[in-house]
Amino acid sequence: RPRGQRRRHSRLATRPVLNAVDMPHREDVLTWCALERNAADRPNATMASFADGTTWTWGEAESIGRRAANALYDAGVRQDDHVAVMLPNGPDFLRSWFGILSLGAVIVPVNLSFKGAMLQHLLARAQPVTVVTIGAYSATVADAGDVPILDPATLSAGADAPPPQRHPTQPWDTHHIMLTGGTTGPSKAARCSHLHFHNLGRYGTAELGIGQDDVFLIDLPLFHTAALGMLGGCIATRTPVSVRSTPDLRQYWETLNQTGATVALILSSMIGFLLSQEPRSADRDHRLRFMLCIPIPGDAPTFTRRFGIPEIITAYGSTELSTMMSSRPGDPIRPHTCGELRPGYHARIADENDIPVAPGQTGELIVRHDIPWSLSTEYI
């Protein structure tokens with residue numbers, strides 16, 4: 001080059017190349033889209049059964065959701081508004097949730113034991129425009145704050161038509177707001193996207209290969225995303241669910257037999273109680289293919305042998321992370337473990353300077369995901 005001419009550097013040559021991210025399509029992520037698809041393809045197939053003998057088909061579930069969405073709209077709820085739901089497991093909970101999904105609003109599940117300061121804290125953080133609840137819970141809500149209360153019975157009165165929406169709901173829009181565990185102070189309220197929710201229950205549904213010939217027993221509380229996530233996964237895989245208000249541990253195996261469940265979700269603390277019962281003929285009279293247990297306790301091998309459980313699947317997650325780790329079908333039972341990282345998740349355990357610690361040392365779990373919006377969006 002001529003003397004004195006400056007060298008021209010290409011900034012592109014030194015700038016790191018960013019890989020494009022293939023965001024999943026809304027039709028493949030949104031639970032309401034999956035329910036609409038099931039209603040179109042299998043309108044008369046069973047979607048859910050309840051303890052009182054009531055059953056819903058996929059076609060009925062879509063209609064119930066649309067009616068609830070329009071009833072919410074008539075009550076002043078709009079797309080993206082926060083709607084608290086303080087209801088036990090059952091048709092009213094599903095009706096409320098389906099209506100919220102169809103309208104494109106945001107569910108705020110409320111623990112049924114909340115009252116006083118705990119409930120006041122949740123209502124103050126989440127700022128719901130209404131609380132869907134019944135009976136004695138209505139008085140509890142009224143004592144906690146000045147929030148309009150909506151009886152779920154009114155959600156059947158809406159029009160059976162698509163509700164008004166300002167925009168199509170997207171994977172990054174908020175699906176739910178939920179309180180975290182709260183270790184050093186009041187629980188934080190985490191805002192979580194539809195993509196976050198979509199990933200939540202897949203380890204126990206789609207990744208197990210369950211489908212329309214299976215039945216998933218849902219008896220843990222739907223106000224917690226462990227059970228709600230499984231219900232979402234079952235909608236995505238067209239798996240019928242049998243919904244019960246609470247686990248009946250004294251008649252647990254009889255319930256499995258009556259519902260025909262092939263998949264069930266329990267907490268590790270429930271295993272000790274089931275093992276403490278006297279053996280009876282119902283212990284192995286079930287169709288279970290998988291049992292999900294979080295975490296796997298030390299007496300899990302004894303449990304599987306006694307009750308004839310073909311496979312135990314475990315996982316690890318949190319309000320913020322969705323479900324980041326799980327075991328896989330065919331993995332040996334290893335008590336006190338929580339599986340391996342699921343696809344897309346990256347994690348390390350680090351010290352206070354974010355430097356990875358050696359095996360066996362205590363540190364902070366740091367997690368990332370390949371796809372945006374897969375982890376919780378923010379605290380509010």
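Buried means under 20% relative accessible area, exposed over 50%, and partly exposed in between, with a 1.4 Å probe and protein chains only. This is a predicted model, where local features need pLDDT of at least 70, side-chain atom pairs count only at pLDDT 80 or more, and totals for chains, interfaces and linings use all residues. Residues are numbered from 1 along each chain as its sequence is written, and side-chain values use heavy atoms, leaving out hydrogens and water.

Q: Is Arg 238 buried or partly exposed?
A: Arg 238 comes after helix 8, in the loop between that helix and strand 10 (241-243). Helices (H or I, at least four residues) and strands (E, at least two) are DSSP runs, numbered from the N terminus. Phi of Arg 238 is positive, about 60°, although it's not a glycine. Its relative accessibility is 23%, so Arg 238 counts as partly exposed.

Q: How many residues of helix 8 are buried?
A: Helix 8 runs over residues 225-236. Among its buried residues are Leu 228, Leu 231 and Ile 235, and Trp 97 is in contact (heavy atoms within 4.5 Å) with those three. Helix 8 is mostly covered, and of its 12 residues the buried ones number 10.

Q: Which residue is joined to Pro 295 by a cis peptide bond?
A: Most peptide bonds are trans. Pro 295 lies in the loop between strand 12 (290-294) and helix 11 (300-307). With omega about -15°, the cis bond links Pro 295 to Ile 294.

Methods
The expected span of a helix is 1.5 Å times one less than its number of residues. Lists of a residue's contacts leave out its neighbours within four places in sequence.
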